[in-house]
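Visitor: Please take me slowly through one part of this model, and state the cut-off behind each term as you go.

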Amino acid sequence: MGTPKRKEKQTPEAQFHSSLTLCSKNKDLSTAISLYESAVSRNTRLNQHHFNTLLYLCSNSVTDPALKQSALEYGFRMFDHMSSTEVVPNEATITAVARLAAAKGDGDYAFKLVKGMEKYNVLPRLRTCDPALFCFCEKLEADKAYEVEEHMNKVGVSVEEPEIAALLKVSAEMGRGERVYDYLHKLRNTVRCVSESTAKIIEDWYRDGRASEVGEASWDLGRVKEVVLRNGGGWHGQGWIGKGDWDVQRANVDSESKCCSCGEHLVCVDIDCAETDRFAQSVAALAMEREVRSNFSEFQDWLDKHADYEAIVDGANIGLYQQNFADGGFSLPQLDAVVKELYNRSGEKWPLVVLHNRRFKSLVENPSHRKMIEEWMDKGILYTTPSGSNDDWYWLYAAVKLKCLLVTNDEMRDHIFELLGSSFFLKWKERHQEIFHKMASREVMDFIKGKKQTKGLLNRLELTPRSVIVVLDDAEEKQLSNSDVKEWLDELKEAVFDAEDLVNEIKTDAMRSKLEAEQYGSRTSYTNSCLLSSCFR
């Protein structure tokens, strides 16, 4: 046996690092302070990571009354040490020190730190700006809080519900009615469902006597109606109109959009037209990157010439709805039932069905389906997407561009829709997507009842797109120089898209009860004597 290898002696820096890591893991500020004192006395060189760990422990301890004083004292001392040794701070550094400043009640210093980040070529995050913003709001220094928000907008940091709620509260408490109006609309645009604490702030504003004092006693009704229509309904953006006390109640809204308190029907609030146009452009840009440019451009040109549709139907998704059983397959009669129902609903206007070319060819080859498909083509009901394309981009763009209804069970959660990645997409879905099993008549639903799902089918289908998608990127590069690869790639893509359609349909069916609970559950609304008919729009 050889001589056991002697363990190398750690350097002071390495010893400090390992001990500090343990303190961070255990959130042990007292031991970390002792380590720091020892390192200073030995002139141990500390790096950015060491300082950040120490500052994090200090900022994280200010909520403990027993540790707050030492956390503040040593936290600022450590930051001064860091600056004197010319260790460059990063975003985590500034965030920790800003939190220490806010805990001390010094919002000005916290904000100064944020504004000074530019000299380090570091951009702030929401967490970096929060300490100054919340500090000013808590101290009712409204103008300083607004200044922080303006700086956040300037550097591209978006506020979320907690920040809007804090700004709303300080505005309400300081009687800044116009600011209250602005922040209520920021909530409307940003937050899909407010928290209980935010709801309380809103209620307190309307119950306070100052809410009845804001607003114009005389206003132009015609002007209000005009901008309401232009903004999609329910919002005019003209500020507070009318004066008087508010009657604030919590009420449920039934499945017919009727307020159970005052009996009024809630108006359908659409999205701002300019926002929708920008979203349509972003969808088109992404589609152009992932589809054959000439194919999608051709579809855009076609859509510009046929822009009078009121509903778009995801043909593959509807045709495959509840077809996941032994003898199931694409159901054209099922799709036709939806087409006819939409036709009857809209006062005899045909919807547009988007269907992949591969699916179209298989339907035309079937003698029992050919006549119906030909009739759809004659009536302008059907648009077939080219081989190798993903029809999702086509029906989504059409629905957004034409600002109309989209009928699909696809929850739009896969990799394609993740690319859109915006809160606007969620708002658009809420207002424009209709789930098939909710819109269908009893006759349509009777048509598809009694079909059994095959659990194994879902498991097998989910493996298909996951396994094949890895191959697609490499094959995309080879198709330009090899025609055989291109033909195979088109067929492979179509198979993947078909599998994804069916997987989405199966998952949607499994989630039906959850979706219904979300759709028809009780909702909270804030009313005056006539819901949504007075000042706040």
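**An aromatic cluster and the sheet**

Guide: Phe296 has 0% relative accessibility and therefore counts as buried, a word that applies under 20% relative accessible area, with exposed meaning over 50% and partly exposed in between, for a 1.4 Å probe and protein chains only. Phe299, also at 0% relative accessibility, counts as buried too. The model is predicted, so local features are taken only at pLDDT of at least 70 and side-chain atom pairs only at pLDDT 80 or more, while totals for chains, interfaces and linings use all residues. Residues are numbered from 1 along each chain as its sequence is written, and side-chain values use heavy atoms, leaving out hydrogens and water.

Phe296 and Phe299 lie three residues apart in helix H14 (residues 293–305), and are therefore separated by about one helical turn; helices here are DSSP runs of H or I with at least four residues, strands are E runs of at least two, and both are numbered from the N terminus. An α-helix has 3.6 residues a turn, so residues three or four places apart point the same way.

Across the whole structure, a search finds 14 aromatic pairs. One of them joins Phe296 and Phe299, which are tilted, with 6.0 Å between centres and 55° between planes. Rings of Phe, Tyr and Trp (its six-membered ring) pair if their centres lie within 6.5 Å, and planes under 30 degrees apart count as stacked, over 60 as edge-to-face and the rest as tilted. These two residues belong to one aromatic cluster, together with Trp302, Tyr309, Tyr383, Tyr394 and Tyr397.

Tyr394 and Tyr397 lead on to helix H19, as both are among its buried residues. H19 (residues 391–401) is mostly covered, with 10 of its 11 residues buried. At its start, a side-chain oxygen of Asn390 comes to within 3.0 Å of the backbone nitrogen of Asp392, a polar contact, that is, a pair of N or O atoms within 3.5 Å in which, within protein, one must be able to donate a hydrogen and the other to accept it, and where residues adjacent in sequence count only if both atoms are side-chain atoms. After H19 comes Lys403, with a positive phi near 55°.

The sheet comes next: five strands form an open sheet in the order S4-S3-S2-S5-S6, with parallel pairing, where two strands pair if DSSP finds at least two bridges between them. S4 (382–385) and S6 (433–434) stand at the edges with a single partner strand each, so one side of each is left without a neighbour in the sheet. Strand S2 (residues 311–314) is joined by three bridges to the parallel strand S5 (residues 405–407), with Ala311 opposite Leu405 and Ile312 opposite Leu406.

H19 packs on this sheet, touching S2, S3, S4 and S5, and its direction makes about 165° with that of S2. Contact means heavy atoms within 4.5 Å, while axes are lines fitted to C-alpha atoms, for helices over the stretch in contact, and angles run from 0 to 180 degrees between N-to-C directions.

S2 is also joined to S3 by three bridges, again running parallel, and the bridge partner of Val313 in S3 is Val353. From S2, Ala311 and Val313 point one way and Ile312 and Asp314 the other, and all are buried. In a regular strand the side chains alternate between the two faces of the sheet.
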